[in-house]
Amino acid sequence: MTMLMQSLSISGILTIDMHSLNNEGAEGNQLQTRMVHIVDENGEPTVVNAISGDMLKHIQAEHLHGLALEKELPLCAGCTKFNSNRINADAEFFKSLGDKNAIGDTLKKVLQHCAVDDLEGVLITQGGRSTPRKSTVEFGWLVGVPEKTRTESYFHVKFDNNRGQGSGDESGANLGQNIFYRPASSGEYALVMNAELSRVGFNDVEREYQITDEDRKKRTRALLESILLTFIRPLGAHRNTQFPHIVNFQGIVTTSTAAIPAPTVSPLNGSYLDEVQKIQENLNRLFSDAITTYKFESQSEFTKIMADLIEQVR
């Protein structure tokens, strides 16, 4: 297999308007958005709106699930139905494992049995086991750039023609007219993420690949495609009425063809593009041009870069 990329990273600014991807709970009829404490590039603590890495990982995993079904990649019973318990919900798989066995042997069978568990990771504890499969893809929080994000709360009504009978229902059923407040956030968000392509199909315990080169190629392409789609269509909460407006995506993709990681620098640092390129220059002095960078100024440029890289996996 020709697949030079060992890892891929993205650092960028994603501009999203009027989204509700980051709610963390409700008080009464008031939905709360998520706010986090960070330190800005000047070393000053501040509070900003943010979308968790869990949400980004869920979006990417849902795209991967669709691609895996379409490409007929092997899936466990849990992942076939996009069950969050993944292979832990596959009773037949655990019957096939038999009695408690070595971690390396269990991991080998997991990698061969399911592409999603291989790429997204899982923790198996059934039968007295403690077998972790670390994810091959990592997302940081999507953090609002200070002074460039805003959140407002908007009044909504579930209108009922029979509202003269009063609001709500004492039984707790979703009946009658209800009012509620829902947040909408807009702004520029800093993104960092990384994909360890060299670990696709790799048994971290036995230190060897457990699937064929052809299967590694198929899974690697599906993983990269799912990352690309994450920034084309962000799945998540309240999209039926608050489908996010993606205004722009700009940043830098880095790839590594050696064991050294593809570098990232948080866009919360206003000089992150220059920093990434200087890191590239320094690392390439030591590792024979192992790092390549690709700047992008829009969603379409990002899409082209990713499509070009995906086509190189052959």
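Which elements each supply at least two residues of the lining of the largest pocket? They are β9 and α7, the latter covering residues 272-286.

The structure is a predicted model, in which local features need pLDDT of at least 70 and side-chain atom pairs count only at pLDDT 80 or more, while totals for chains, interfaces and linings use all residues. Residues are numbered from 1 along each chain as its sequence is written, and side-chain values use heavy atoms, with hydrogens and water left out. Helices (H or I, at least four residues) and strands (E, at least two) are DSSP runs, numbered from the N terminus.

I begin with the pockets. On a 1 Å grid over the protein atoms alone, a pocket is an open set of points with protein on both sides within 12 Å along at least five of seven lines; a cavity is a set of points where a 1.4 Å probe fits but cannot get out; and lining residues have an atom within 4 Å of a point. Grid points are joined across faces, edges and corners, and a volume is the space filled by probe spheres set on the points.

The largest pocket has a volume of about 240 Å³. Its lining has 15 residues, and those closest to the centre are Glu 41, Val 145, Pro 267, Leu 268 and Gly 270. Strand β9 gives the most to this lining, with 4 residues. By class, the lining has 7 nonpolar, 3 polar and 5 charged residues. Here Ala, Val, Leu, Ile, Met, Phe, Trp, Tyr, Cys and Pro count as nonpolar, Asp, Glu, Lys and Arg as charged, and the others, Gly among them, as polar.

The second largest pocket, of about 190 Å³, takes the largest share of its lining, 5 residues, from α1. Residues lining it include Asp 54, His 58, Cys 79 and Glu 120.

Helix α1 spans residues 53-70, and Gly 53 lies in it. Is Gly 53 buried or exposed? Gly 53 counts as buried because its relative accessibility is 9%, where buried means under 20% relative accessible area, exposed over 50%, and partly exposed in between (1.4 Å probe, protein chains only). Beyond its neighbours within four places in sequence, Gly 53 is in contact (heavy atoms within 4.5 Å) with Phe 139, Gly 140 and Trp 141.

Let us turn to the strands, which pair if DSSP finds at least two bridges between them. Strands β4 (residues 35-39) and β5 (residues 45-51) run antiparallel and are joined by 5 bridges; Met 35 has Asn 49 as its bridge partner in β5. Their hairpin has 5 residues between the strands, and there Gly 43 takes a positive phi near 80°. In turn, β5 pairs with β9 (residues 142-158) in the antiparallel sense over 2 bridges, and the partner of Ala 50 in β9 is Val 143.

Finally, the interior. A nonpolar core is a set of buried Ala, Val, Leu, Ile, Met, Phe, Trp, Tyr and Cys residues joined through side-chain atoms within 4.5 Å. The largest such core has 53 residues, of which Leu 8, Ile 10, Ile 227, Phe 231 and Phe 302 touch the most other members. A second, separate core of 7 residues includes Ala 190 and Tyr 272.

The largest cavity has a volume of about 60 Å³. Phe 231 is also one of its lining residues. By class, that lining has 10 nonpolar, 1 polar and no charged residues. Thank you for your attention.
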